[in-house]
Amino acid sequence: MEGVSVSEKMTREKFEELNDDLLKGALRYVKAALEDAGLDKSAIDELVLVGGSTRIPKIRRLIKEFFNGKTPHKGINVDESVAYGAAVHGVSIQVFEGERSLTKNNHLLGRFELSGIPATPRGVPQIDVTFSVDEGGMLQVRAEDRASKSANDITVENATGRLSPADIQRMVDEAAELAEEDKVVRDNIDARNALESAAYSWKLQINDEDKLAGKLLPEEAHDIAAAVADADASKQKLDQFNAITHPIAAKYYSQHSGADEEDELW
């Protein structure tokens with residue numbers, strides 16, 4: 001409440017009970033990461049948790065239960081890991097051949113690391129990936145971060161790790177047969193990415209007094225905050241999120257007469 005400070009002592013059990021939905025909700029990001037990587041949780045050899053929230057015993061128990069009893073690694077200083085990770089990022093580039101939407105349904109040709117990328121806001125890093133094939137059928141894949149100019153590459157020889165013509169035809173046939181199913185998967189992934197991006201953008205807006213935070217009505221701020229907190233990976237949720245936020249955005253856009261002013265709003 002405005003002008004009133006509230007302090008309450010509670011047990012860890014009470015804290016976990018009150019935040020049960022929020023704590024369990026953290027697992028959706030773990031599931032999303034596995035899905036994006038095309039991995040089953042049984043394929044994970046070691047668990048490393050970083051970040052302040054991973055100190056919460058309930059989080060550690062949920063992760064352990066989700067991974068069928070596998071105990072998270074405790075030998076890493078979470079503060080040092082986060083500090084280093086915030087300073088320098090590394091990107092894993094994986095090269096696949098195939099026609100399917102998910103990497104797990106395609107053939108891995110190779111992988112390499114692109115390191116030394118400085119920390120930047122979400123969505124800012126731009127990495128150029130180029131593919132070239134010479135007359136002998138050798139494939140070279142090169143990745144370069146535009147800002148740092150950090151680069152690396154990999155060469156896949158024609159006779160090493162490549163599929164046979166029969167295997168390629170089989171994968172093409174499977175892709176054609178499962179095209180509709182793959183489209184549903186791809187649409188869901190696109191919807192999740194769009195929802196996460198929109199939720200992140202709105203979260204910044206409602207917490208910045210120079211942008212929308214100082215302009216929204218209390219009920220509008222409440223509706224947006226609730227929509228951001230409830231955002232998850234589904235097309236239906238994306239539609240619901242847009243139904244709440246688009247009218248509010250349109251209202252404040254209409255109050256600005258020029259494109260420059262609109263850019264300042266966002």
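A contact is taken here as a pair of heavy atoms within 4.5 Å. Among contacts in the chain between residues at least 6 apart in sequence, those joining residues at least 24 apart make up 56%.

The structure is a predicted model, in which local features need pLDDT of at least 70, side-chain atom pairs count only at pLDDT 80 or more, and totals for chains, interfaces and linings use all residues. Residues are numbered from 1 along each chain as its sequence is written, and side-chain values use heavy atoms, with hydrogens and water left out.

**Overall composition**

The chain contains 10 helices and five strands; helices (H or I, at least four residues) and strands (E, at least two) are DSSP runs numbered from the N terminus. Of its 266 residues, 25% count as buried, a term that means under 20% relative accessible area, with exposed set at over 50% and partly exposed in between (1.4 Å probe, protein chains only). The accessible surface of the chain comes to about 17,600 Å², as given by the Shrake-Rupley method with a 1.4 Å probe. Carbon and sulfur atoms account for 51% of that surface.

Three strands form an open, antiparallel sheet in the order β3-β4-β5, where two strands pair if DSSP finds at least two bridges between them. β3 (127-133) and β5 are the edge strands, each pairing on one side only. From one strand to the next, the twist averages 15°, with axes fitted as lines to C-alpha atoms and angles running from 0 to 180 degrees between N-to-C directions. The antiparallel strands β4 and β5 are joined by six bridges; Arg142 has Asp153 in β5 as its bridge partner.

Ser150 belongs to the loop between β4 (139-145) and β5 (151-156). Leaving aside residues up to four places away in sequence, Ser150 touches Leu114, Ser115, Ala143, Glu144 and Asp145.

**The aromatic pair**

One aromatic pair is found in a search of the whole structure. The ring centres of Phe66 and Phe67 are 5.0 Å apart and the planes stand at 90°, so the pair is edge-to-face. Rings of Phe, Tyr and Trp (its six-membered ring) pair with centres within 6.5 Å; planes under 30 degrees apart are stacked, over 60 edge-to-face and the rest tilted.

Lys41 lies over the face of Phe66, 4.5 Å from the ring centre; this requires NZ of Lys or CZ of Arg within 6 Å of the centre and within 35 degrees of the ring normal.

**Buried residues discussed above**

| Residue | Relative accessible area |
|---|---|
| Phe66 | 13% |
| Phe67 | 8% |
| Ser150 | 16% |
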